[in-house]
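Me: I have a model open and would like to walk through a few of its details with you. Shall we take it step by step?

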Amino acid sequence: MKSIFSTVFYQPLYNTLVFILSVTPGANVGVAIILLTVIVRGALLPLSHKSSKAQVKMRSLAPHLEKLKETHKDNKQEQARKTMELYREHGINPLSGLVLVVVQLPIIFALYYVFFKGLPNLNAEHLYSFVHLPETVDMVFFGVILSNKSIVLAALAAITQYFQIKLSIPPVALIEGAKPSFKDDFARSFNLQMRYMLPLIVFGISYSISAAVALYWATSNLFSIAYELYVAREARKAAQG
């Protein structure tokens with residue numbers, strides 16, 4: 001399993017990072033991390049797009065879903081069947097977000113391993129024949145040594161994580177006249193925990209590992225924020241006309 005992970009995820013990402021370093025003026029690791037993060041997120045964009053569109057559509061269907069719950073509150077099987085019919089009618093795959101998470105997890109672990117284990121001592125042993133080590137590597141990015149810890153970059157990772165969650169998982173709205181259920185209360189509680197606890201976890205991990213990981217996380221969050229704003233704008237345009 002370890003060799004499969006290395007062959008499929010770690011080595012391609014490691015070689016991409018080293019290749020970027022070899023063609024980047026000054027071989028600055030900070031610039032290479034940002035470029036690698038953008039490349040990876042760009043490659044996952046088709047999946048992200050499907051997931052984001054599904055989330056926007058599901059939020060717009062919230063009143064209809066609440067009505068279904070009230071109409072079929074005594075028949076959970078019929079409620080589930082009608083819910084799936086509503087999803088199919090609007091072209092929604094409720095599992096699209098799960099697919100994105102499953103695909104991203106090994107990539108995220110591989111990136112952490114690249115930044116944590118692969119830097120700053122680059123190893124030619126893991127390189128493809130056409131990728132060559134740069135003669136020197138600059139580990140300083142805007143005054144921060146990326147192999148060390150950085151409270152500033154860790155804080156940036158946490159702050160951007162907060163806004164990324166705020167955009168991608170908006171507060172659970174109360175439907176006027178509807179009686180809050182345990183499921184609704186749980187969803188609101190989970191939403192609050194995700195919004196405030198996850199940024200703290202991101203800060204702790206980013207600071208405890210290295211500034212390189214913090215920079216990756218902040219860049220990834222900024223990419224997500226820009227994309228969520230784009231999707232929201234396109235959704236508003238579609239709704240208006």
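Reply: Happy to! Ser206 has its place in helix 8 (residues 182–209), where helices are DSSP runs of H or I with at least four residues, numbered from the N terminus. This is a predicted model, in which local features need pLDDT of at least 70, side-chain atom pairs count only at pLDDT 80 or more, and totals for chains, interfaces and linings use all residues. Residues are numbered from 1 along each chain as its sequence is written, and side-chain values use heavy atoms, leaving out hydrogens and water.

Me: Is Ser206 buried or exposed?

Reply: Buried means under 20% relative accessible area, exposed over 50%, and partly exposed in between (1.4 Å probe, protein chains only). The relative accessible area of Ser206 is 0%, so Ser206 is buried.

Me: Which residues does Ser206 touch, not counting residues up to four places away in sequence?

Reply: Contact means heavy atoms within 4.5 Å. With residues up to four places away in sequence not counted, Ser206 touches Ala154, Ala157, Ala214 and Trp217.

Me: Which residues of helix 7 are buried?

Reply: Helix 7 covers residues 151–168. Its buried residues are Leu153, Ala154, Ala157, Ala158, Thr160, Gln161, Gln164, Ile165 and Ser168.

Me: How far apart are the end C-alpha atoms of helix 7?

Reply: The expected span is 1.5 Å times one less than the number of residues. Helix 7 has 18 residues, so it should span 26 Å, and this agrees with its end C-alpha atoms, which are apart by 25 Å.

Key: Helix = DSSP H or I, 4+ residues; strand = E, 2+ residues; numbered from the N terminus.
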